Amino acid sequence: MNFKRYRQFPPVNLPNRQWPNKVIEKAPIWCSVDLRDGNQALEKPMNLDQKIKFFQYLVKIGFKEIEVGFPAASETEYLFCRTLIEQNLIPDDVTIQVLTQSREHIIRKTFEALKGVNKAVVHLYNSTSTLQRDVVFNKSKEEIIDLAVFGAKLVDELAEEYGKEHFMFEYSPESFSGTELDYAVEISDAVFNVWKPTPDKKVILNLPNTVEMSTPNVYADQIEYFCRHLPNRDAAIISLHPHNDRGTGVAAAELGLLAGADRIEGTLFGNGERTGNVDIVTLALNMWTQGVDPELDFHDINKIKGVYERATKMVVPPRYPYAGELVFTAFSGSHQDAINKGKMYMDEHGGDYWDIPYLPIDPADVGREYE
């Protein structure tokens, strides 16, 4: 294997970084992208009826923000958005989110799909990384900024036309993790200057780990650097959209929260392109094991797993965290002995905290039992 074809991802010059000394104390704002990013990664995407049922189950779990699709991408995507609105399937406390590239006909089609919506996030993106600028778009930094500003202005104009009180804006410098940090700040600030957010009317700035390119600590450094240097940070909700190419999407999301992020976009069980998106089930239950309320209801993990597997035709592996068939099963005799002694000790001595060897979580908390 010719490892010399590859090079180290450059570290971030971040003196006095603060995130290593922090802990996660509350749940982020969650946004499910199962129906967009997750759905587009399926060999056979969900049909309209499946998407409606999946949407309703995401609402039942407790998601308040759900990205429902890319309305300009296909008739099914457009029709799904219209059906949710016209049939009043969106609860008052739930905000749908739609994705659009910074291209005029796509933005206009997106707003047509949103006509009559009560609350929606319009998620504008264009790719900003060095590789994408050079290879895909063949555009300069200035031209890429012009593209973002053009889209931001059109989004603002159409929001006025359709009723600005119904919309919240989100901008993603897509491929953020491969973008020069000062340039990511510059292009985001240019969009800010169009949308003019305030602490009372914030915008979402989404910083995607579109392709996971570094160890999670470097991603955390990128997030903290961006938060430190962004003008009007108090007018932004910093969102993360981690992928899992290196298998460390959950760790990157956790460290990104420590570094100052407020919001997570992800999917159930990490379904998504290539190796997937960040897994919200694992991320949320990791918080649960640390005494933090994830504000999502995963008390019946078997039901969630079943709904997911039927809708996506994907399979949760038997050793997958928290939900796998074998995660609460011990085959080793020494493990069985320690667990049994731990259960007897807790029965005898009680205590306020779950503390049994080899079982970091009480299986009953997610509707399972120890085998």
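Me: What gives the most to the lining of the largest pocket in this predicted model?
Reply: Helix H5 gives the most, with 3 residues. Helices H5 (130–137) and H8 are the elements that give two or more residues to that lining.

Me: How do you know which residues lie nearest the centre of the largest pocket, and how many residues line it?
Reply: The lining comes to 25 residues, and nearest the centre are Phe9, Pro10, Ser177, Gly178 and Met213. The volume of the largest pocket is about 830 Å³.

Me: What makes up the lining of the largest pocket by class?
Reply: There are 11 polar, 10 nonpolar and 4 charged residues in the lining.

Me: Why is Thr210 called buried?
Reply: Happy to go through that one. Buried means under 20% relative accessible area. Thr210 has 17% relative accessibility, so Thr210 counts as buried.

Me: Where does Thr210 lie, and what is Thr210 in contact with beyond its neighbours within four places in sequence?
Reply: Thr210 sits in the loop between strand S6 (203–209) and helix H8 (216–229). Leaving those neighbours aside, its contacts include Glu174, Ser175, Phe176, His241, His243, Asp245 and Arg274. Ser177 is also in contact with Thr210, and Ser177 is among the residues nearest the centre of the largest pocket.

Me: Which residues have the most contacts inside the largest nonpolar core?
Reply: They are Trp30, Phe55, Trp195, Leu268 and Phe298, in a core of 107 residues. Helix H7 (residues 181–195) supplies the largest share of this core, 10 residues.

Me: What is Trp30 in contact with, leaving aside its neighbours within four places in sequence?
Reply: Its contacts include Phe63, Ile264, Ile280, Leu283, Ala284, Met287 and Leu296. Glu65 and Pro294 are in contact with Trp30 too.

Methods. Residues are numbered from 1 along each chain as its sequence is written. This is a predicted model: local features need pLDDT of at least 70, side-chain atom pairs count only at pLDDT 80 or more; totals for chains, interfaces and linings use all residues. Side-chain values use heavy atoms; hydrogens and water are left out. Helices (H or I, at least four residues) and strands (E, at least two) are DSSP runs, numbered from the N terminus. Buried means under 20% relative accessible area, exposed over 50%, partly exposed in between (1.4 Å probe, protein chains only). Contact means heavy atoms within 4.5 Å. On a 1 Å grid over the protein atoms alone, a cavity is a set of points where a 1.4 Å probe fits but cannot get out, and a pocket is an open set with protein on both sides within 12 Å along at least five of seven lines; lining residues have an atom within 4 Å of a point. Grid points are joined across faces, edges and corners, and a volume is the space filled by probe spheres set on the points. Ala, Val, Leu, Ile, Met, Phe, Trp, Tyr, Cys and Pro count as nonpolar, Asp, Glu, Lys and Arg as charged, and the others, Gly among them, as polar. A nonpolar core is a set of buried Ala, Val, Leu, Ile, Met, Phe, Trp, Tyr and Cys residues joined through side-chain atoms within 4.5 Å.
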